[in-house]
Amino acid sequence: MEHYDVVIVGSGHGGAQAAIALRQAGHEEPILMVSRDRNPPYERPPLSKEYLAGDKPFEKILIRPEQFWADRNVTLRLGANVNEVDWMRHVLSLSDDSSITYRKLIWAGGGDARRLGCPGAELAGIHTIRSRRDTDALRDELAAGNRRAVVIGAGYIGLEAAAVLRKMDCAVTVVEMQDRVLARVAGPEISEFYAAEHRAHGVDIRLETGVDRIEGDGEKVTGVTLTTGETIACEIVIVGIGIVPSVGPLIAAGAAGSNGVDVDTFCRTSLDDIYAIGDCAAHPNPHAGNAVIRLESVQNANDMATVAAKAIMGDKQDYDAVPWFWSNQYDLRLQTVGISTGHDATVLRGNPAERKFSLIYLKEGEVIALDCVNNTRDYAQGRKLVLNRAEIDPALLADTEVALKEMG
């Protein structure tokens, strides 16, 4: 059997950063990156934005040029799944019928887009946005002239895709079961602002509405029937309702975890010599009151990768990075720092009508997060307030004449 000192499963941001961090830390032994994706590591956020719009070619979203990996003795095994993990023997069984041994394993498998479970969910024309292949299929639909779309789910992916489709002059309806857009990631003030923005651009938003079934002609989508009984005609359906963590082989091997795979502060799973990072790793997060959570973000994937790589190199450092996220929609850039879950007060800083403002989240008087719209200065300066859990008079926080860096 082939042997590698470190095997990395997954070629997204976490997997790529793990290999990079190992080499930067002085690791010299062979590294293998196994990925079911057939492309070298590439950025995922542009898939629902610049790459979907055609503003960036694929080569521009590669995390590193392909030769980079060969130059650093990182072998890419693309188009292959890990079927089984034998953690006691340190053996991986792959979908190409090969077996590989390892000294350390870093699982950066990410997740699969959650699929619809309603009648008609198997029809052609239903798309998710998790990989280049997904977005290419959607781009082919648009190139064929299809211009009526229903987007199911009003999170980042759904709203980013809706914004791109409207720029392409598509008719877009967004369907969301909750009572506001971005309900899982932002406060009501941000939700109201973004809903108004999308409606101003011609997006039909249906809140507190579910999908009863997908209509079709036997092969292709022709419409979406809502729980209200109304059918919306369309040729394209985009599903953005979250992910299912890709950790099946680890759980089957006995790893602890119910929502993904559980890891400790060094990103170690309950199985010897196996680490997990990124979207699939449930970890105790100090910025969420040490609650065990999964974070689906580039920041989390990259920072956990660095923690795991350092631990493998004998430099154990707890994962305590401040979370951050971003979303581009139309000419709006939403930047978030911290985790707002559990907040008991908010402070509006600036005027939403001016399309530049921030929403500051407080818990027991302490700053725990900021959502910043077209306000990079507040986002950059607010990070320190979140890190220090600063206690500042809300009236002062709301005063845009005073820079946040002067407050804590």
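1. By class, the second largest pocket is lined by five charged, four polar and one nonpolar residue (Asp, Glu, Lys and Arg count as charged; Ala, Val, Leu, Ile, Met, Phe, Trp, Tyr, Cys and Pro as nonpolar; the others, Gly among them, as polar). Keep in mind that this is a predicted model: local features need pLDDT of at least 70, side-chain atom pairs count only at pLDDT 80 or more, and totals for chains, interfaces and linings use all residues. Numbering runs from 1 along each chain as its sequence is written, and side-chain values use heavy atoms, with hydrogens and water left out.

2. That pocket holds about 160 Å³ of space (a pocket is an open set of points on a 1 Å grid over the protein atoms alone, where a 1.4 Å probe fits, with protein on both sides within 12 Å along at least five of seven lines; lining residues have an atom within 4 Å of a point). The volume is the space filled by probe spheres set on the points, which are joined across faces, edges and corners.

3. Who lines it? Strand 23 (345–351) gives the largest share, three residues. Strand 24 (356–363) and helix 9 (376–388) each supply at least two. Among the lining residues are Arg-349, Glu-354, Phe-357 and Asp-378. (Helices, H or I of at least four residues, and strands, E of at least two, are DSSP runs numbered from the N terminus.)

4. Now the hairpins. Strand 4 (residues 82–86) runs antiparallel to strand 5 (residues 91–94) over four bridges (pairing takes at least two DSSP bridges), with Val-85 bridged to Leu-92. Four residues sit between these strands, and His-90 has a positive phi near 60°.

5. Strand 5 also pairs with strand 6 (residues 99–107), antiparallel over three bridges; Ser-93 is bridged to Ser-99. This hairpin has four residues between its strands, with Asp-97 in the turn at a positive phi of about 70°.
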